[in-house]
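Colleague: Please take one part of this model and go through it closely. I would like a single connected account.

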Amino acid sequence: MASKLKNKMLFYLKASLALAPLILAMYTLYYFGKYEIWIPETPHRDKITIAVLVFGVSLSFWLYSLITSKKIT
């Protein structure tokens, strides 16, 4: 019973660790907009937004695959 709970908590911890880059990327975009570091007229704002989000998602996928990979021996 305890090992099942331990495995479940470990899974949730790993999943939240893997989601951290995506959350950080979204918070970065929120921060830029909230404190007017960039305004809607900023050149190439849409391309930078897409690049930041793609970087966050890619890093999250990579971390998740790294964390949950099972070694077959």
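**Helix α1**

Modeller: In helix α1, the residues Ala-18, Pro-21, Ala-25 and Leu-29 are buried. An α-helix has 3.6 residues a turn, so residues three or four places apart point the same way. The cover over the buried residues of α1 includes α2, residues 45-68. Keep in mind that this is a predicted model.

As for its extent, α1 covers residues 2-34, which is 33 residues. From first C-alpha to last, α1 reaches 45 Å, close to the 48 Å expected at 1.5 Å a residue. The helix is kinked, however: a bend of about 35 degrees lies at Ala-20, shortly before the proline Pro-21.

Pro-21 itself belongs to α1. Pro-21 counts as buried because its relative accessibility is 13%, and the cut-off for buried is under 20%. Leaving aside residues up to four places away in sequence, Pro-21 touches Gly-56, Leu-59, Ser-60 and Leu-63. Between Pro-21 and Phe-55 there are 8.4 Å in space, C-alpha to C-alpha, although the two are 34 residues apart in sequence.

Met-9, also in α1, is a contrasting case: Met-9 counts as exposed because its relative accessibility is 52%, and exposed means over 50%. Met-9 is part of a nonpolar surface patch with Leu-5, Phe-11, Tyr-12 and Tyr-64. Together these residues have about 540 Å² of accessible area. The largest share of the patch, four residues, comes from α1.

After the helix comes Glu-36, with a positive phi near 50 degrees.

Technical notes. Residues are numbered from 1 along each chain as its sequence is written. This is a predicted model: local features need pLDDT of at least 70, side-chain atom pairs count only at pLDDT 80 or more; totals for chains, interfaces and linings use all residues. Side-chain values use heavy atoms; hydrogens and water are left out. Helices (H or I, at least four residues) and strands (E, at least two) are DSSP runs, numbered from the N terminus. The expected span of a helix is 1.5 Å times one less than its number of residues. The bend at a residue is the angle between axes fitted to the seven residues ending there and the seven starting there. Buried means under 20% relative accessible area, exposed over 50%, partly exposed in between (1.4 Å probe, protein chains only). Contact means heavy atoms within 4.5 Å. Patches are made of residues with over 30% relative accessible area and no salt bridge: like charges are joined within 9 Å, nonpolar side chains (Val, Leu, Ile, Met, Phe, Trp, Tyr) within 5 Å. Accessible areas come from the Shrake-Rupley method with a 1.4 Å probe; for residues, only the protein chains shown count as cover. A salt bridge is a side-chain nitrogen of Lys or Arg within 4 Å of a carboxyl oxygen of Asp or Glu.
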